[in-house]
Amino acid sequence: MPTSLNHTPALRRKGKVIVVGGGIMGASAAWHLSKAGAAVTLIERAPNCLTTATASSFGWVGASASTPSENQAAFAERLKALEEFVSIERELGPLPIAARGALLWGSTDDETAAMITEHRAAGTRMERLAQSQIAEKEPMIANPPSLAAWAPGDFALEPTAFARQLLAGAQVAGAYVRQGTVEAIKAAGNRITGVVVEGQTLPADTVVLANGYSSRSLALTVGVDLPIYESPAVLLRFGTEADGLRHLICAHEMEVRPSLGGGLVSAADYPENGETGLPALAALTGQAIAHLFGIAAAPSLLSINAAQRPMTANGRPLCGYVGKIEGLYALIAHPGVILAPLLGRLCAEAVLSA
Ligand SMILES: Cc1cc2nc3c(=O)[nH]c(=O)nc-3n(C[C@H](O)[C@H](O)[C@H](O)COP(=O)(O)OP(=O)(O)OC[C@H]3O[C@@H](n4cnc5c(N)ncnc54)[C@H](O)[C@@H]3O)c2cc1C
């Protein structure tokens, strides 16, 4: 539950802000905007939809999922984004964290050692763990590698619960959340005037597009072409047979973590052969988990969901005013769970200082 509000009602002069989309991005923007005093309405078409990116996200928050050499600016941004979670926890109370700390290893010790060296040089707290230390930290692992990386600052968050926490905080701070599908954006001259929700026009001075890839078609209704695309990934949930895992594990290409409600969560690339490849992917992941834990049978599969991740063409967050139209703001980025708290705050600052 929210513990402090930090209202600044004087800022309500900034007019009406409509946030489209109640995933992690929209929820963060709505919370930051409303607690800073903006008059916010968030419109979400399907609050319990299981195929949105946030509802199907693995929820790995930390810098270890990427390396600085892949993209220095993106890496630095992720490190910066982590600080935001501390402020949110201070204001909204305990976050829905399923595991603290990540254990990672590559296909060879050399690969793992190189990753640790690179991360440490970039200023992270990544440590080397020898086999006996891995066994002590994570007794569930049947045959620990001789070397693993330990990332104490990484954690696994339940993304849906986190988005709901932010939305609840936004509502307490005065945001209005309503269900509906935004069909079009309205503009007069070069200014935003509102949105159309199921045939009805709702007035707005600012529209924040936080509805993932669907932002593209919505922006086109006022002639703005957003450089975004979607890329599928798969989330798998397994039963409680293998309960007891304490941390997030990234072993070779497999990612697995405990779930807050019990059981395990794993994320995987979308199969090359599409939907028809999902059963085989589920079987392979189950076997890999059984092998990791040294158990005879794969844990029972509870669900497998493929969801589209909104991506930007240049890999950098789209977080700012877009097009030649005043009042249209876009908020689309990957990895969205890590970046949403930071980008939501930047969005609020930009909107309220416009
Ligand atoms: C399998 C998988 C694993 C992932 N793992 C990680 C991870 O470990 N760490 C990480 O940081 N990121 C991860 N991601 C990416 C992350 O989940 C996304 O970047 C993030 O959830 C995007 O959030 P969003 O709010 O932009 O989009 P969404 O969650 O898709 O939310 C958009 C919302 O807009 C609503 N909407 C759409 N159109 C309209 C409309 N016209 N009117 C009203 N509402 C509308 C939708 O219903 C939806 O709720 C993963 C994603 C997947 C699929």
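Which residue stands opposite Val197 in E10? In this predicted model, the residue facing Val197 in E10 is Gln200.

## The three-stranded sheet

Strands E8, E9 and E10 make up an open sheet, in the order E8-E9-E10, with antiparallel pairing. E8 and E10 are the edge strands, and each of them pairs on one side only. From one strand to the next, the twist averages 30°.

E8 covers residues 182-188 and E9 covers residues 191-197; the two run antiparallel and are joined by six bridges. Within this pair, Ala187 has Ile192 in E9 as its bridge partner. The two strands form a hairpin with two residues between them, and Gly189 in the turn has a positive phi of about 60°.

E9 pairs in turn with E10 (residues 200-203), in the antiparallel sense and over four bridges. Here Val195 has Leu202 in E10 as its bridge partner. This hairpin also has two residues between the strands, and Glu198 takes a positive phi near 45°.

## The six-stranded sheet

A further open sheet has six strands in the order E7-E2-E1-E11-E18-E17, and its pairing is mixed. The edges are taken by E7 (176-179) and E17 (318-321); each has a single partner strand, so one side of each is left without a neighbour in the sheet. In this sheet the twist averages 20° from one strand to the next.

Strand E1 (residues 16-20) and strand E11 (residues 206-209) are paired in the parallel sense, with four bridges. Val17 stands opposite Thr206 in E11. Across E1, E2 (39-44), E11 and E18 (328-332) lies helix H1 (residues 24-35), which runs at about 165° to E2.

| Strand pair | Sense | Bridges |
|---|---|---|
| E8 and E9 | antiparallel | six |
| E9 and E10 | antiparallel | four |
| E1 and E11 | parallel | four |

Leaving aside residues up to four places away in sequence, Ile18 touches Thr41, Ile43, Val195, Leu202, Ala204 and Val207. Ile18 and Thr41 are 23 residues apart along the chain, and their C-alpha atoms are separated by 4.9 Å.

Ala210 is located in the loop between E11 and helix H6 (215-220). Ala210 also counts as buried, because it has 30 C-beta neighbours inside 10 Å. Its contacts, again without residues up to four places away in sequence, are Val19, Val20, Gly21, Gly23, Met25, Gly26, Ala29 and Leu331. For Ala210 and Gly26, the separation is 184 residues in sequence and 5.0 Å in space, C-alpha to C-alpha.

## The two domains

The chain is divided into domain 1 (11-55 + 161-227 + 313-353) and domain 2 (99-152 + 232-309). Between the C-alpha centres of the two domains the distance is 33 Å. Contact between the domains involves six residues of domain 1 and four residues of domain 2. On the domain 1 side that touches domain 2, there are three nonpolar residues, three polar residues and no charged residues.

## The shell around the ligand

Which residues come nearest to the ligand? Of the 41 residues around the ligand, the nearest are Gly21, Gly23, Ser57, Pro335 and Gly336. Two or more residues of the shell come from each of H1, E2, strand E12 (228-238), strand E16 (301-312) and helix H8 (336-353). Sorted by class, the shell holds 23 nonpolar, 15 polar and three charged residues. Domain 1 and domain 2 each supply at least three residues to the shell.

Some of these residues have already been named. Gly21 and Gly23, which are among the nearest to the ligand, are also among the residues that Ala210 touches. Helix H1, one of the elements that give two or more residues to the shell, is the helix that lies across E1, E2, E11 and E18.

Definitions and conventions
Residues are numbered from 1 along each chain as its sequence is written. This is a predicted model: local features need pLDDT of at least 70, side-chain atom pairs count only at pLDDT 80 or more; totals for chains, interfaces and linings use all residues. Two strands pair if DSSP finds at least two bridges between them. Axes are lines fitted to C-alpha atoms, for helices over the stretch in contact, and angles run from 0 to 180 degrees between N-to-C directions. Two residues are in contact if their C-beta atoms, placed from the backbone, lie within 7 Å. A residue is near a molecule or strand if its C-beta atom, placed from the backbone, lies within 6 Å of it. Ala, Val, Leu, Ile, Met, Phe, Trp, Tyr, Cys and Pro count as nonpolar, Asp, Glu, Lys and Arg as charged, and the others, Gly among them, as polar. Domain bounds come from an automatic or database domain assignment. A residue is buried if 20 or more other C-beta atoms lie within 10 Å of its own, exposed if 12 or fewer, and partly exposed in between; C-beta atoms are placed from the backbone.
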